[in-house]
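Trainee: Could you walk me through the side-chain features of a model, one kind at a time? I would like to learn how to read each of them.

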Amino acid sequence: MATGVTSAVGRLRRARFTSRMGIDVSALVVLCAGVVVLASSPRILDWVHEEFVVDLLTLVAAGVGAATAILALIGSRVLGEARLAWLAAALVLYCVVVLPWTALGTAESTAARVSRMLAYATALVLLVFALRAPRRMGAWGGWLIMLAGGGASLLALFVVPDPGSFTEVLTGPVYTTVLVIGWAAAAVLGVVDAARRQSGPRLRAGLGLVVLAGAQLYRTANGARVPATDLVFPALRLVGLVVVLVGLLQIVGRGVRRLQEENFVQQEELAVAALHMERAAAHTAERNHELRNGLAGLAGITHLLSAEVDGPDQERLRSAVLAELGRLHTILESTTDPERLAALAGATDAEDYLVEPMLAGLVELQRAQGRDVRLEVPDGLRARGDSAVVAQIVTNLLTNCERHAAGTPVLVRAFSEQDTVVIEVRDHGPGLPPGREGVVLVRGVHDPRAGGSGLGLHISRELAEGQGGSLSLRTVEDPRGCAARLSIPAVDAERPAADAIAP
């Protein structure tokens with residue numbers, strides 16, 4: 001089925017290209033016929049000064065050809081296509097060396113005819129190689145041949161001997177006819193190659209070369225019967241060069257648009273890669289931040305665990321430390337990606353856990369470090385989600401209290417509010433600067449005087465949203481301080497809860 005569709009699409013493309021090719025050929029034939037009629041019309045010839053018009057058409061053709069050569073060279077460099085460089089070299093030789101001789105009126109001398117024939121021959125070689133550029137010679141090989149041929153044609157102006165057998169061969173009709181037929185054959189091959197590639201711009205460039213070769217055939221076929229003031233030859237030559245210029249403009253234009261599209265795709269890919277790198281760096285920074293917070297707390301109470309003191313306090317402290325080590329291990333083995341946490345919060349197998357044991361372990365760690373932290377939470381209060389993530393948020397909030405309100409009492413309380421569980425961490429510090437309640441939750445906003453990276457509250461907000469909850473900060477009075485309010489999904493009271501989940 002797929003093969004049939006591909007074949008049908010290919011046939012449709014070929015039909016469209018054939019239709020466009022027929023239109024282009026027909027339009028060009030009509031244009032050339034009109035030019036021939038106008039250039040040979042007695043009424044037109046009576047209105048113009050023929051010698052001046054011939055010189056003008058020749059110089060304009062030379063200018064158009066030079067512009068075409070420059071465009072072909074630019075296209076070769078931009079598109080990386082060596083064939084355009086060979087075509088550029090051929091056009092330079094034709095338009096810069098050949099055409100000025102005619103305009104300057106030197107075409108009748110033997111030396112000038114020999115010089116022109118040498119330039120024609122070199123341009124023909126370059127035009128043939130433009131159909132399939134030699135790989136070993138690359139894009140600059142054509143320019144070397146052009147310089148050699150151009151130098152030989154210029155040298156012929158000064159060293160060509162008096163008319164003899166050698167010069168008669170170079171300027172004779174046989175040699176001229178062979179060169180012109182070679183030009184025509186190379187131009188036709190260019191059209192065939194464009195048709196094989198189904199390239200409209202290349203087809204137009206090839207048709208322009210065909211018109212140029214046709215003008216040369218007209219000049220050669222008429223021979224001496226064509227006066228120097230005949231307008232058909234220079235007019236057709238100008239038309240051919242203009243058509244080649246139009247074709248090259250389309251080739252370069254399409255190539256530039258393709259490069260722009262490729263560049264746009266590459267820029268998008270680089271932007272996506274940069275985004276992934278930024279997210280990976282952010283996740284690494286977040287994980288390092290959480291590990292530093294946890295390790296700092298553990299380091300502060302290590303000496304308490306090493307004391308040989310028995311009792312319930314020592315057992316509770318040991319359990320809290322083991323739970324904290326388990327939480328840090330979870331951070332190392334998982335990711336803090338909010339998308340993953342959001343998926344976890346919405347999963348049907350998200351776990352239920354008791355809030356009081358989790359908060360009690362965190363508060364016990366804080367107290368072991370000499371901090372004044374109180375806990376108020378009713379028994380049986382249950383939440384739904386990942387207890388390790390909630391413990392991470394509360395740890396960040398407690399660390400933030402110690403950093404910005406060091407030495408002041410901290411109250412951690414939890415309660416049920418409609419279908420959510422609210423955990424509030426409140427200190428007795430200076431509170432938030434006016435208007436900064438929402439800003440401090442943005443990544444990288446921190447107080448340089450208090451130290452820290454400024455990531456803690458931003459991480460906490462993303463983690464809370466990943467659990468299907470929210471985090472907000474506000475300044476409170478009586479007594480003054482900062483209150484962080486964490487809302488997380490609650491569990492229906494009739495559902496059985498899991499055992500205490502480690503923080």
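Predicted model: local features only at pLDDT ≥ 70, side-chain atom pairs only at ≥ 80, totals over all residues.

**Reading side chains, feature by feature**

Trainee: What do the side chains of Glu81 and Arg83 form?

Mentor: A salt bridge, with N and O 3.5 Å apart. The general idea is to look for a side-chain nitrogen of Lys or Arg within 4 Å of a carboxyl oxygen of Asp or Glu. By this rule there are 14 salt bridges here.

Trainee: Which residue forms a salt bridge with Glu81 at 2.8 Å?

Mentor: That is Arg202, taking the closest N and O atoms. Arg202 sits in helix α9 and Glu81 in the loop between α3 and α4, so this pair ties together parts 121 residues apart in sequence. With relative accessibility at 19%, Arg202 counts as buried, and Glu81 counts as buried at 16%.

Trainee: How does Arg474 with Glu424 read?

Mentor: Their closest N and O atoms are 3.4 Å apart, again a salt bridge. Arg474 belongs to strand β6 (residues 470-476) and Glu424 to strand β5 (residues 420-427), so parts 50 residues apart in sequence are tied together. Arg474 is partly exposed at 40% relative accessibility, whereas Glu424 is buried at 4%.

Trainee: Now the rings, please. How many aromatic pairs does the structure hold?

Mentor: Three. For each pair, read the distance between ring centres and the angle between planes; over 60 degrees counts as edge-to-face. Trp86 and Phe129 have centres 5.1 Å apart and planes at 65°, so they are edge-to-face. Trp86 lies in helix α4 (residues 82-103) and Phe129 in helix α5 (residues 110-131), so the pair connects parts 43 residues apart in sequence. Trp86 is buried at 0% relative accessibility, while Phe129 is partly exposed at 29%.

Trainee: Why is the pair of Tyr94 and Tyr120 tilted?

Mentor: Their planes are at 40°, with centres 6.0 Å apart, so the pair is tilted. Tyr94 in helix α4 and Tyr120 in helix α5 are 26 residues apart, and the pair links distant parts of the chain. Tyr94 is buried at 0% relative accessible area, and Tyr120 is buried at 10%. Together with Trp183, Tyr94 and Tyr120 form one aromatic cluster.

Trainee: What should I look for in a nonpolar core?

Mentor: In soluble globular proteins, nonpolar side chains tend to be buried together. Here the largest nonpolar core has 68 residues, of which Tyr94, Trp183, Leu241 and Leu248 touch the most other members. Helix α4 gives the largest share of this core, 14 residues. Leaving aside residues up to four places away in sequence, Leu241 touches Ala61, Val64, Gly65, Thr68, Leu91, Cys95, Leu99 and Leu212. Another core, of 35 residues, lies apart from it and includes Val389, Ile393, Leu398 and Cys401.

Conventions:
Residues numbered from 1 in each chain as written. Heavy atoms only, no water. Phe/Tyr/Trp six-rings, centres within 6.5 Å; stacked < 30°, edge-to-face > 60°. Helix = DSSP H or I, 4+ residues; strand = E, 2+ residues; numbered from the N terminus. Buried < 20%, exposed > 50% of the residue type's maximum accessible area, 1.4 Å probe, protein only. Core = buried A, V, L, I, M, F, W, Y, C linked by side-chain atoms within 4.5 Å. Contact = heavy atoms within 4.5 Å.
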